[in-house]
Structures are given as structure tokens and as C-alpha cells.
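The stops below go from one residue to its surroundings.

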Amino acid sequence: MTAEPSSLPIRRILLAEDDDSMRGFLVKALEKANYDVVAFENGEDAYHRLKTEPFTLLLTDIVMPKMDGIELARRASEIDPDLKIMFITGFAAVVLNSENQPPKDAHVLSKPFHLKDLVKEVDRLLAA
């Protein structure tokens, strides 16, 4: 039983995660929760996609090659100030100083986390 496409708001997630298996798990969990997920292995590729189409949420790892998650989030906020941002990181103690301050209202989910907790946090963030 599927809902009419027009009855649900568009819930598109741009995912940037450099770990292949983690990215795969995240995509599966979010798609199972009825999110449309576009995933990339680095911030630079994700940023280029963000410049061409709208997303509801940027879900990004902080430590990645080419462009880290904080820089990606900063640039994404310039393109779309209403974009919701959530960081996922195994480095809970990453120092967020004045030079690498994430955009305001960004949420952080520390690894390891259960996939159902990720979906719950994403649901909560997008419902706000």
C-alpha cells in the first residue's frame, strides 16, 4: 500500500560519507524509511550535486577526503539557507573552533549509532 506521491512532502537527503559500507547501510535504512537518498563518497562531489538540485537534508560525515563535512555544510548553507544539516562522526571530540564552526542549527550524531536511531533523528529534525 503506497501513498499518492503528492500526499507526502518531498524528503530528499544528500548523504556524504567516505566509508563505503557505512554509506550503504545509511542509504538502505533511510530508503526503507521512505527517504529519497542521493549518496556520495566525498564532500566535493556532494557539493556539486547540491548546486544542481534541491535537498531537504544534508547528512554528512565530518572527516572526509577532498572536502570535509564542515566545509560542505558551510557551502551548502550559502546555496540553501533552509537546508537542514546533520553531521555523523566517529570523532565526537572533533574540535569545532571558530575556524571550523559548523552552520548554526546543525545536529551531530556520534558513531556508533543504531540505524533506527539515525532514522528517528532524521524524522525529528525534518518534522521541526
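Is arginine 12 buried or exposed? Select it: arginine 12 is buried, with a relative accessible area of 13% (buried means under 20%, exposed over 50%, partly exposed in between, with a 1.4 Å probe and protein chains only).

This is a predicted model, in which local features need pLDDT of at least 70 and side-chain atom pairs count only at pLDDT 80 or more, while totals for chains, interfaces and linings use all residues. Residues are numbered from 1 along each chain as its sequence is written, and side-chain values use heavy atoms, leaving out hydrogens and water.

Arginine 12 lies in strand S1 and glutamate 53 in the loop between H2 and strand S3 (57-61), so the pair ties together parts 41 residues apart in sequence. Helices (H or I, at least four residues) and strands (E, at least two) are DSSP runs, numbered from the N terminus.

Now show arginine 49, whose side chain also meets glutamate 53 in a salt bridge (2.5 Å, N to O).

Move to helix H2 (residues 43-50) and select its buried residues, Gly43, Ala46, Tyr47 and Leu50. Seen down the axis, they fall within an arc of 100° (taken from the directions from the helix axis to the C-beta atoms), so they line one face of H2.

Finish at asparagine 42, which caps the N-terminal end of H2: a side-chain oxygen lies 3.1 Å from the backbone nitrogen of glutamate 44.

How values were computed
A polar contact is a pair of N or O atoms within 3.5 Å; within protein, one must be able to donate a hydrogen and the other to accept it, and residues adjacent in sequence count only if both atoms are side-chain atoms. A salt bridge is a side-chain nitrogen of Lys or Arg within 4 Å of a carboxyl oxygen of Asp or Glu.
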